Amino acid sequence: MHSIPRQDGKAALITGGNTGLGYQSALSLAVAGAAVTIAVRNLDKGAEAARRIHEHAPAADVQVLKLDLADQHSVAEFAAAWSGSLDILVANAGIMLTPTLQITVDGFELQMGTNHLGHYALVGQLLPALSDGARVVSLSSMAHRGAGRLDRGLGLSTAYAPMRMYGQSKLATAIFGIELDRRVKAAGRNIVSVVAHPGWSATDLFNRNYDDQPSLAVLLSRKVTAILGSSPAHGAQSQLVAAVAPGLTGGEYIGPRYLLRGK
């Protein structure tokens with residue numbers, strides 16, 4: 001848990017706030033006094049995360065709502081049901097290294113559909129709820145550097161490769177976060193959109209189980225990251241800075257420069 005400035009009176013939404021980087025962000029914001037909403041696919045896991053947060057801060061204001069970013073209908077239902085203003089939106093949830101090509105219910109490649117397109121739709125539909133001075137944090141990855149040019153078919157026009165597609169989804173996320181800042185300012189909205197990345201962090205993304213057998217390369221990536229990657233608590237520093245640090249004007253890309261092991 002990181003010590004951050006008091007966030008009393010602020011409402012924060014964190015996708016995937018039940019585990020890893022998202023949980024660490026939710027915990028820090030809740031302890032700092034923000035009213036935190038954890039948006040998750042699995043409500044039981046979300047409830048367990050809220051329970052753990054209350055162990056640290058019994059008076060914390062935490063609610064858990066269902067959201068499946070791989071399903072555009074779920075995103076629309078979530079946004080339509082949202083009430084009140086929103087001061088901090090951390091687009092954190094994601095999946096990584098799906099061993100074989102999988103397609104969402106809407107016809108998108110799963111990593112692109114979840115990591116980018118789900119958040120794209122969520123942020124767009126929650127724009128009216130964003131308060132004056134609100135922060136939107138898009139979580140990218142250093143993997144975007146190896147993605148090459150963004151595939152116009154969003155992962156469906158080239159041969160599938162797990163890491164390349166993950167990098168593509170995170171490249172799209174970074175482009176979106178920077179372009180969002182340009183567009184909200186052009187529209188006269190006082191909203192700050194920032195992109196963050198955790199460096200090489202050993203989060204649960206690497207341990208997620210899929211129905212199909214992962215390749216040797218995927219298994220090796222998971223093992224090496226578990227040994228060398230930083231902890232989620234350390235990796236979450238970047239997105240917390242992006243969410244609450246004073247002086248950010250928008251369009252920044254925040255995170256460590258090198259792949260160093262953290263605490």
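Predicted model: local features only at pLDDT ≥ 70, side-chain atom pairs only at ≥ 80, totals over all residues.
Residues are numbered from 1 along each chain as its sequence is written, and side-chain values use heavy atoms, with hydrogens and water left out.

View 1. Helices (H or I, at least four residues) and strands (E, at least two) are DSSP runs, numbered from the N terminus. Of the chain's 263 residues, 52% count as buried; buried means under 20% relative accessible area, exposed means over 50%, and partly exposed lies in between (1.4 Å probe, protein chains only). Now for contacts, meaning heavy atoms within 4.5 Å. Take those between residues at least 6 apart in sequence: 76% of them join residues at least 24 apart.

**View 2. Helix 1, residues 20–31.** Here are 12 residues reaching 17 Å from the first C-alpha to the last, close to the 16 Å expected at 1.5 Å a residue. That expected span is 1.5 Å times one less than the number of residues. Helix 1 is largely enclosed by the rest of the structure, because 11 of its 12 residues are buried. Just after the helix comes Gly-33, with a positive phi of about 105 degrees.

**View 3. Helix 1 against helix 8, residues 237–244.** Two packed helices are described by the angle between their axes and the distance between the axes. The axes are lines fitted to C-alpha atoms, for helices over the stretch in contact, and the angles run from 0 to 180 degrees between N-to-C directions. For helix 1 and helix 8, the axes come within 9 Å and cross at roughly 45 degrees, so the two are oblique to each other. The crossing of helix 1 past helix 8 is right-handed: a crossing is right-handed if the near helix is turned clockwise from the far one by less than a right angle, and left-handed if anticlockwise. On the helix 1 side you'll find Leu-21, Gly-22, Ser-25, Ser-28 and Leu-29, which meet Gln-239, Leu-240 and Val-244 of helix 8. Sorted by class, this contact has four nonpolar residues, four polar and no charged (Ala, Val, Leu, Ile, Met, Phe, Trp, Tyr, Cys and Pro count as nonpolar, Asp, Glu, Lys and Arg as charged, and the others, Gly among them, as polar). Helix 8 is largely enclosed too, since six of its eight residues are buried, including Ser-238 and Ala-242.

**View 4. Helix 1 against helix 2, residues 43–56.** This pair packs at an angle of about 40 degrees, with axes 10 Å apart, and is therefore oblique. Helix 1 passes helix 2 in a right-handed crossing. Tyr-23, Ala-26, Leu-27, Ala-30 and Val-31 of helix 1 meet Ala-49, Arg-52, Ile-53 and His-56 of helix 2. That contact splits into seven nonpolar residues, one polar and one charged.

**View 5. Helix 4 (residues 110–126) alongside helix 5 (residues 162–186).** The angle is about 15 degrees and the axes are 7 Å apart, which means helix 4 is roughly parallel to helix 5. Their crossing is right-handed. By class, the contact has nine nonpolar, six polar and one charged residues.

**View 6. Leu-154, in the loop between strand 5 (130–139) and helix 5.** At 26% relative accessibility, Leu-154 counts as partly exposed. Leaving aside neighbours within four places in sequence, Leu-154 is in contact with Glu-109, Met-112, Leu-117 and Met-165. Leu-154 and Ala-172 are 18 residues apart in sequence and 9.0 Å apart in space, C-alpha to C-alpha.

**View 7. Met-163 of helix 5 and its contact Leu-97.** Met-163 counts as partly exposed, at 38% relative accessibility. Not counting residues up to four places away in sequence, Met-163 touches Met-96, Leu-97 and Ala-143. Leu-97 is in the loop between strand 4 (86–91) and helix 4, and at 3% relative accessibility counts as buried. Its phi is near 60 degrees, a positive value in a residue other than glycine.

Terms used
Parallel < 35°, antiparallel > 145°, perpendicular 65-115°, else oblique.
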